[in-house]
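Thank you all for making time this morning. I would like to walk you through one structure, starting with its aromatic rings and then moving on to its helices and a few details of the backbone.

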Amino acid sequence: MQTGNQLSTSIDATVPTAARMYDHYLGGKDNYAADRAACEELDKVVPSTRRLAVNNRRFLQRVVRVLAQDHGIRQFLDHGSGLPTQDNVHQVAQRIDPDTHVVYVDNDPMVLVHGRALLDQNERTAVIHADMRETDAIFSHPDTERLIDFTQPVAVLFNSVMHCIPDSDTDGPLAVVRRVSERLVPGSYLVMCQLVSEDPEVRKFVTDFMDRATQGHWGRVRQEKDVAEWFEGMEILDPGLVEVSTWRPDSEVAPRQLTREWIEFGGVARVV
């Protein structure tokens with residue numbers, strides 16, 4: 001049973017959000033002083049975070065290209081999509097096939113405002129305001145029903161967002177993954193990664209800091225074994241579950257995550 005998660009429809013510039021902090025790390029302009037200050041504090045302990053964010057974005061772009069080009073996926077459901085930036089999911093996928101349908105999901109009201117403005121002229125793409133844990137609401141949303149045919153393969157993305165979800169038997173990452181995967185036909189794909197660290201002090205610092213900074217809109221930094229659990233029962237694509245800058249890099253000289261105090265860890269799996 002899913003629990004209700006109250007969504008705010010107002011933008012509070014004084015409280016950092018993960019979406020706006022990510023936007024700042026990517027060089028975007030849709031963030032506030034509170035977001036930038038939080039990033040500066042985070043960088044004091046985990047200085048590789050900007051590179052990590054950039055590498056994660058490149059991972060997302062490679063994944064979407066591979067799924068569209070090599071596996072024929074023409075439907076994408078992107079949970080916790082964040083603020084629009086360069087080469088968003090719909091832009092990568094629709095370069096391969098303009099008829100590809102994309103639904104973005106985010107609970108940040110600023111994402112809704114900017115996303116809808118960007119997509120106003122794109123009838124094959126939509127942004128919906130929802131908590132990524134509310135699977136029923138997402139799958140039954142009018143825009144989802146208009147754009148996504150769940151009798152056909154779908155790529156469902158949880159890219160660098162699971163660390164925003166607290167542990168829970170009904171609403172935690174594993175429960176969400178199982179709810180979503182049960183609704184997908186064989187041949188669909190799940191893309192999942194999150195921030196992990198094998199250093200307990202790093203896990204505790206970042207988890208506590210982000211929980212305070214975002215006023216409770218955070219889960220925790222996890223370990224690689226936690227992420228691996230989400231993929232059980234699925235067929236994991238090569239090269240397996242990895243630090244994401246090493247997932248099918250475009251070249252041997254493509255940027256890599258050089259420091260390891262924490263990493264973005266995950267991969268892509270086929271529903272069987």
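Let me begin with the rule for aromatic pairs, in which rings of Phe, Tyr and Trp, the last through its six-membered ring, are paired if their centres lie within 6.5 Å, and a pair counts as stacked when the planes are under 30 degrees apart. Please keep in mind throughout that what you see is a predicted model. By this rule, the count comes to 3 aromatic pairs. One of them is formed by phenylalanine 139 and phenylalanine 150, which are stacked, with 4.5 Å from centre to centre and 20 degrees between the planes. This pair links distant parts of the chain, since phenylalanine 139 belongs to helix H6, residues 135-140, while phenylalanine 150 sits 11 residues away in the loop between helix H7, residues 142-147, and strand S4, residues 155-159. Phenylalanine 139 has 7% relative accessibility and therefore counts as buried.

A stacked arrangement is also found for phenylalanine 205 and phenylalanine 209, whose rings are 5.8 Å apart centre to centre, with 15 degrees between the planes. Here both residues lie in helix H9, residues 200-213, and they are separated by 4 residues, about one turn of the helix. Is phenylalanine 205 buried or partly exposed? At 27% relative accessibility, phenylalanine 205 counts as partly exposed, whereas phenylalanine 209, with a relative accessible area of 12%, is buried.

Going back to phenylalanine 139 for a moment, the face of that ring has arginine 183 lying over it, at 5.1 Å from the ring centre.

The axes of helix H2, residues 33-45, and H9 come within 11 Å and cross at roughly 170 degrees, so H2 is roughly antiparallel to H9.

From H1, the residues Arg20, Met21, His24 and Tyr25 meet Asp35, Arg36, Ala38, Cys39, Leu42 and Asp43 of H2. The residues of this contact divide into 5 nonpolar, 1 polar and 4 charged.

Let us turn next to helices with buried residues. Helix H8 is largely enclosed by the rest of the structure, because 7 of its 10 residues are buried. Those buried residues of H8 are Pro173, Leu174, Ala175, Val176, Val177, Arg179 and Val180, and they pack against H6, S4, strand S5, residues 189-196, and helix H10, residues 224-230. In helix H4, residues 89-96, the buried residues are Val89, His90, Val92, Ala93 and Gln94. What covers them includes helix H3, strand S1, strand S2, helix H5, strand S3 and S4.

The loop between S4 and H8 holds two residues that I would like to point out. Aspartate 171 is placed in that loop, and with a relative accessible area of 4% aspartate 171 is buried. Serine 160 is found in the loop between S4 and H8 as well, has a phi near 55 degrees, a positive value in a residue other than glycine, and counts as buried at 15% relative accessibility. By contrast, aspartate 120, in the loop between H5 and S3, is exposed, with a relative accessible area of 56%.

I will finish with two further backbone details. Arginine 248, in the loop between S7 and strand S8, residues 263-270, has a positive phi of about 45 degrees although it is not a glycine, and at 30% relative accessibility arginine 248 counts as partly exposed. Where is the cis peptide bond with an omega of about 10 degrees? That bond joins aspartate 238 and proline 239, and proline 239 lies in the loop between strand S6, residues 235-236, and strand S7, residues 242-243.

Note on methods: Residues are numbered from 1 along each chain as its sequence is written. This is a predicted model: local features need pLDDT of at least 70, side-chain atom pairs count only at pLDDT 80 or more; totals for chains, interfaces and linings use all residues. Side-chain values use heavy atoms; hydrogens and water are left out. Rings of Phe, Tyr and Trp (its six-membered ring) pair if their centres lie within 6.5 Å; planes under 30 degrees apart count as stacked, over 60 as edge-to-face and the rest as tilted. Buried means under 20% relative accessible area, exposed over 50%, partly exposed in between (1.4 Å probe, protein chains only). A charge sits over a ring if NZ of Lys or CZ of Arg is within 6 Å of the ring centre and within 35 degrees of the ring normal. Axes are lines fitted to C-alpha atoms, for helices over the stretch in contact, and angles run from 0 to 180 degrees between N-to-C directions. Angles under 35 degrees count as roughly parallel, over 145 as roughly antiparallel, 65 to 115 as roughly perpendicular and the rest as oblique. Contact means heavy atoms within 4.5 Å. Ala, Val, Leu, Ile, Met, Phe, Trp, Tyr, Cys and Pro count as nonpolar, Asp, Glu, Lys and Arg as charged, and the others, Gly among them, as polar.
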